[in-house]
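Hello,

Here is the structure I promised to pass on to you. Please open it alongside this email, and then read on for what turned up in it.

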Amino acid sequence: MVVLLAVAQTLFQCVLLLLLTPLTAWMLEELPRWVNGEAVSGPVRHVRRAGLFWRAAFRQPLAPGMALVLAVSLLSLAVLPAVTTGGALISLANPLLVGIFLLVGRLMLGRPSLRDEGRRVLPAVLVLCLTEALIALAAPGADGLGGLCAMLHIEPVPGLEGALGACVLALAISCPPLREDDMLQRLDGMKDRAARDMARQVAQVLNFAWIFLLADLALPISVGLRDAGLSGWFVGLAALLARVLLVVMVLVTLRLTAQERSERLTALFAGVALLLALAGRFAT
């Protein structure tokens with residue numbers, strides 16, 4: 001029964017997160033325009049396109065590269081903790097491993113400029129390694145994000161949550177989600193319009209998987225425990241929506257202030273994360 005409940009929660013989590021994907025894409029695209037005083041459209045178009053994509057994906061096979069990127073994105077959505085840590089694949093929720101898989105998927109999407117994309121991906125890999133090291137330093141024995149969430153519920157770790165927040169800012173600055181013009185450049189050589197539209201939808205799922213990873217790293221304490229009960233489950237659901245919205249607001253702010261891909265800010269927040277983790281470690 002426990003295994004069946006864990007599998008059911010994982011499936012529900014994937015469905016819920018895929019429903020949030022077009023809404024998140026709409027916010028990333030339209031909120032900067034709204035802040036600048038431009039006319040914006042509702043999320044209906046994004047939701048309709050997502051529905052058409054999944055209908056087509058079940059009827060016709062994707063290109064091998066696109067299928068692999070989609071598989072990596074869906075696996076990330078399945079293993080990371082969303083509402084509670086009761087998922088069937090929670091033991092695989094290692095932030096470094098999941099993050100590297102998503103960054104590799106980003107490199108495989110379309111035909112990116114390897115030089116430009118490498119300048120974004122390499123700092124993100126270094127920050128992910130720093131994040132893993134800080135978790136090992138401040139919370140030794142934590143088994144991935146699931147173990148970290150459980151540990152933080154039992155006893156807060158001084159400095160760690162602030163350090164993780166700084167790491168998330170460094171990741172959001174160094175490697176923000178792909179924009180529409182990024183996708184147009186990557187898919188410039190693709191002549192088939194249907195295949196190009198499907199590739200854009202795959203990019204949206206990949207973008208949301210990256211945002212979801214940042215959200216879990218930013219506020220792991222907001223994830224409910226496996227045995228939280230019905231009330232704890234609803235609290236965890238509200239916390240999921242809140243932390244995803246928080247990360248979207250941060251990304252929109254970075255875009256509006258033209259601070260995306262700033263190497264100096266990335267290094268600054270990575271340094272702040274290290275200082276916070278060391279200060280918390282020596283304070284205990």
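A word on terms before we start: a helix here is a DSSP run of H or I with at least four residues, and helices are numbered from the N terminus. Please also keep in mind that this is a predicted model.

**The overall fold**

The protein chain has 11 helices and zero strands. Following the sequence, you will read the pattern α-α-α-α-α-α-α-α-α-α-α. The radius of gyration is 19 Å, close to the 19 Å that the globule rule gives for 284 residues, so the chain is as compact as a globular protein of that length. If you want a sense of its extent, the C-alpha atoms fill a box of roughly 60 × 50 × 40 Å along the principal axes.

How far apart in sequence are the residues that meet? Taking contacts between residues at least 6 apart, 80% join residues at least 24 apart.

**Inside and outside**

Of the 284 residues in the chain, 45% are buried. The largest nonpolar core holds 75 residues, and Leu-109 and Leu-240 touch the most other members. Helix H9 (residues 193-218) supplies the largest share of this core, with 16 residues. To see Leu-240 at work in the picture, look for its contacts with Leu-16, Leu-17, Ala-82, Val-83 and Phe-212, which leave out residues up to four places away in sequence.

**A loop to look at**

Most residues other than glycine have a negative phi. With that in mind, turn to the loop between helix H10 (229-256) and helix H11 (263-283), where Ala-258 lies. Ala-258 is not a glycine, but its phi is positive, near 55°. Arg-261 is found in the loop between H10 and H11 too, and its phi is also positive, at about 65°, although Arg-261 is not a glycine.

Are these residues buried or exposed? Exposed means over 50% relative accessible area, so Ala-258, at 63%, is exposed. Arg-261 has a relative accessible area of 31%, which makes it partly exposed.

Enjoy looking around, and do write back with any questions.

Best wishes

Conventions
Residues are numbered from 1 along each chain as its sequence is written. This is a predicted model: local features need pLDDT of at least 70, side-chain atom pairs count only at pLDDT 80 or more; totals for chains, interfaces and linings use all residues. Side-chain values use heavy atoms; hydrogens and water are left out. Helices (H or I, at least four residues) and strands (E, at least two) are DSSP runs, numbered from the N terminus. The radius of gyration is taken over C-alpha atoms; the globule rule is 2.2 Å times the number of residues to the power 0.38. Buried means under 20% relative accessible area, exposed over 50%, partly exposed in between (1.4 Å probe, protein chains only). Contact means heavy atoms within 4.5 Å. A nonpolar core is a set of buried Ala, Val, Leu, Ile, Met, Phe, Trp, Tyr and Cys residues joined through side-chain atoms within 4.5 Å.
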